[in-house]
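Hi,

Here's the structure I promised to pass on. Have a look at it first, and my notes on what turned up follow below.

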Amino acid sequence: MTNSVAPPDGVPGRARVVVVGGGVIGTSVAYHLAHLGWTDVVLLERDRLTCGTTWHAAGLMVTFGSTSETSTEMRKYTRDLYGRLEAETGLATGLRQVGFIEVAADVDRLEEYRRVSAFNRLCGVDVQEISPGEVKGLFPLARTDDILAGFYVKEDGRANPVDVTMSLAKGARMRGVKIFEGVPATGFLQRGGVVTGVRTPHGDIETEYVVNCAGMWARQLGAMAGVNIPLQAAEHYYLLTEPIDGMDGSLPVFEDPGSYGYFREEGAGLMIGLFEAVCAPWKVEGVPDNFSFGELPPDWDRMAPYVEKAMERIPVSRDAGIRKFFCGPESFTPDLQPVVGEAPELKNYFVAAGLNSIGILTGGGIGRALAHWIVDGRPDIDITGINIDRLHGYQSNPEYRATRTVESLGMVYQCHYPGRSMQTARGAKLSPLHHRLSERGAYFKDVTGWEGPDWYAPEGVEPNVDTLSWGRQNWFPYWEAEHRAARDGVILMDMSFMSKFLVQGRDAGRELERISANRVNGDAGVITYTQWLNEGGALEADLTVTKLDDDRFWVVASDTAHRHAETWMRRNFADAHAFVADVTSGYGQINVQGPRSRELLASLTTADMSNVAFPFRTAREIDLGFARVLCIRITYLGELGYELYIPAEQAIHVYDRLVEAGRAIGLRHAGLKALGSLRMEKGYRDYGHDIDNTDSVLEAGLGFAVALDKPEGFIGRDAVVAKKAAGPLHRRLLQVLVTDPEPLMFHAEVVRRNGQPVGYIRAASYGFTLGGAVGLAMIDAGQPLDQAWLDGGEWTVEIGATTYPAVVSLRPLYDPANERIKL
């Protein structure tokens with residue numbers, strides 16, 4: 001467990017990029033940088049290549065299983081890369097495409113895998129649903145009497161993690177990358193918020209970019225630079241059996257999450273890998289610097305039930321004898337997504353860590369994506385779900401990591417029910433209204449750490465989920481009632497988790513105008529919906545900017561975009577006299593929405609709330625009881641409505657006044673389920689869900705919010721102009737409504753035109769007003785996508801094992817003329 005490599009000579013004093021960490025991710029980043037022509041790269045490994053987690057990884061190479069296009073494409077690329085590396089480097093990767101089978105032994109997993117397999121086929125993964133008999137034929141050792149179906153990918157299999165890493169390292173060296181073993185990074189140098197160097201025992205290395213690929217040490221390494229990387233090591237197990245008759249190396253990889261296990265040949269026996277439901281974090285205080293090629297003593301008492309359950313699936317394993325029960329640490333993140341990208345705290349400090357046991361099967365893709373990000377200045381894949389800036393500082397607290405990690409490892413093999421919320425490390429952030437809402441029957445979900453009401457139980461009913469499922473759950477009628485109250489009456493919705501920024505300074509208007517595609521620096525007292533774009537004309541943020549005064553602006557973004565929006569402003573404002581204050585925690589936000597919302601507010605304020613005095617997009621401070629409230633007439637639900645921003649210390653006072661006055665007109669509390677269904681009927685976008693950083697603002701259908709004629713222009717303008725000049729769009733975001741009222745859509749359902757797949761549902765809900773499941777899908781027509789093309793096709797959506805008829809539209813299916821929001 002101690003460093004075993006003699007210190008090298010020749011550590012340079014300068015390199016364009018320094019990669020820290022010599023596992024599969026670090027070597028992949030270095031390899032791909034070199035292939036892009038950036039050869040002035042140094043990779044530092046504190047001991048020997050693979051000595052952290054890579055050396056004991058199981059080596060599964062699986063493309064099936066994800067409903068993320070980003071993850072699926074990374075898996076496909078990685079498998080292809082491992083297949084061709086030997087021809088380039090002369091070093092084999094151990095890739096054996098023996099096939100992969102995932103089995104479903106209950107109806108909910110069968111539904112999940114059918115949905116996943118349809119999406120994976122759209123992405124080019126040749127996955128086939130096979131019968132229990134076919135499963136038995138491919139993997140004779142398995143007990144199949146209770147299996148409902150298997151999902152088989154012939155081209156998948158396994159690779160040797162050490163061989164993969166060594167081949168990547170050689171490929172990097174062949175193009176000029178310098179790799180130094182036995183050289184730890186002991187610190188980082190920075191100036192003006194930009195990383196400038198790496199400190200080592202052999203001297204400082206001046207550099208333009210740092211890439212932290214330190215695996216389970218990444219959090220500690222990030223802390224040296226003031227960078228937040230909330231990942232945590234946990235015990236991870238696999239068992240190696242004694243030899244079993246008939247093993248010849250040809251068995252496919254076999255995975256049964258319902259039995260907590262995966263199975264593959266290892267020598268003349270089997271490897272049985274485990275993802276237990278409740279795991280054990282390791283070294284919360286910090287992973288020792290000298291831990292190399294290390295093993296942990298296995299906890300037989302804790303793991304015995306999981307081992308027994310896994311062995312029930314492969315009966316012969318119970319008689320084969322145990323050669324080794326291995327326990328080694330791997331790192332996991334709070335949301336089971338990788339930590340990738342440029343740190344918001346330190347420019348040019350990149351991170352690729354927290355792979356949650358999929359480092360080998362996505363290693364090539366992660367390295368390729370990060371290398372392109374560094375070289376091109378922006379990513380070329382959707383990174384909204386994996387970007388490091390989605391994470392917050394409190395998530396690195398020891399208690400948070402210890403508490404959340406217990407659940408996160410086990411989630412790998414849970415049935416991934418739609419809308420399922422993590423149950424550990426809850427209560428980290430509470431709205432000022434939290435206890436009032438709890439008394440009203442709120443069922444809370446984790447909203448980037450906030451406790452957000454998802455729906456409300458009726459009086460006398462406990463707000464609990466009876467049974468998770470892919471169908472209508474016990475709260476479905478409560479959700480419908482909230483939805484209809486917003487359409488017909490008035491609802492109150494707590495949105496305090498939204499990201500809120502006060503931007504001030506004499507240059508604030510000019511700078512916000514420069515980064516916003518729409519005009520935001522017009523008259524005071526007006527809110528503007530806008531996007532922030534990168535130089536390529538693709539989306540970086542989707543938000544509102546309200547001009548309060550010539551030197552004061554109110555910027556509101558979604559909870560998931562919090563740090564991204566803040567970082568985008570700070571870095572783009574540079575030396576201007578414009579200052580960003582994060583005031584999210586200082587204000588409660590109550591949205592009052594619905595046809596009777598004006599009536600409710602008018603009863604509580606002396607302000608004139610009439611349509612003439614307070615038209616759509618007006619922002620004004622009003623009196624409400626003892627409070628002064630920033631009231632903005634805007635909606636995300638498609639109805640007359642208002643957003644109230646209230647100093648936190650007065651939020652309960654305002655809430656109580658609203659509830660008391662609302663009794664007379666049937667005010668109803670509404671949660672995030674209703675928010676989702678109402679906005680989806682209206683076709684309103686949600687960045688990170690149905691639009692992302694790969695989308696042109698025009699493809700996203702947001703051209704109406706782009707002011708190309710602004711005299712000073714805006715970031716990304718030239719790219720938008722060029723896109724528009726190139727002719728009709730072939731790719732556009734469409735609203736999709738399933739005409740059968742029974743099925744439910746969630747995400748990744750395949751959309752077909754005349755039987756041919758043309759895209760997938762990025763986000764969906766149930767449209768109670770429209771009468772069916774409704775979602776947004778990015779559709780690629782392969783030709784000009786216009787109304788004639790839409791009308792000329794028969795549209796369907798593949799949901800599980802069934803195909804349903806659908807209608808599609810470029811305009812909102814609900815109130816396309818926007819009449820209701822301007823009443």
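Predicted model: local features only at pLDDT ≥ 70, side-chain atom pairs only at ≥ 80, totals over all residues.

**What I found**

Residues are numbered from 1 along each chain as its sequence is written, and side-chain values use heavy atoms, leaving out hydrogens and water.

Back to that pair. S13 and S14 are joined by 3 bridges and pair in the antiparallel sense (two strands pair if DSSP finds at least two bridges between them). The names are DSSP runs numbered from the N terminus: helices are H or I with at least four residues, strands are E with at least two. In the loop between strand S13 (253–256) and strand S14 (261–266) you'll find Tyr-260. Tyr-260 is not a glycine, yet its phi is positive, at about 65°. Is Tyr-260 buried or partly exposed? With 25% relative accessibility, Tyr-260 counts as partly exposed (buried means under 20% relative accessible area, exposed over 50%, partly exposed in between, using a 1.4 Å probe and protein chains only).

Both strands belong to an open sheet of 8 strands with mixed pairing, in the order S5-S6-S4-S13-S14-S15-S12-S16. At its edges are strand S5 (127–130) and strand S16 (322–332), each pairing on one side only. On average, neighbouring strands of this sheet are turned by 20° against each other, direction ignored. Helix H7 (residues 300–313) lies across strand S12 (232–241), S13, S14, strand S15 (269–274) and S16, and runs at about 120° to S15. For such angles, axes are lines fitted to C-alpha atoms, for helices over the stretch in contact, and the angles run from 0 to 180 degrees between N-to-C directions.

Another residue to look up is Arg-109, in helix H3 (residues 107–122). Arg-109 has a relative accessible area of 10%, so it is buried. Which residues does Arg-109 touch, not counting those up to four places away in sequence? They are Ala-104, Pro-257, Gly-258, Tyr-413, Gln-414 and Cys-415 (contact means heavy atoms within 4.5 Å).

Asn-356 is a residue other than glycine with a positive phi, near 55°. Asn-356 is in the loop between strand S18 (349–353) and helix H9 (359–376), and counts as buried because its relative accessibility is 5%.

Next, helix H1 (residues 24–35). H1 is mostly covered, with 11 of its 12 residues buried. Just after H1, Gly-37 has a positive phi of about 95°.

Last, strand S34 (residues 756–767), where 10 of the 12 residues are buried. Strand S33 (residues 750–753) runs antiparallel to S34, with 4 bridges joining them, and Arg-753 has Gln-756 as its bridge partner in S34. The two form a hairpin with 2 residues between them, and Asn-754 in the turn has a positive phi of about 50°. On to strand S35 (residues 772–780): 8 bridges join S34 to S35, again antiparallel, and Ile-761 stands opposite Ala-777 in S35.

Cheers
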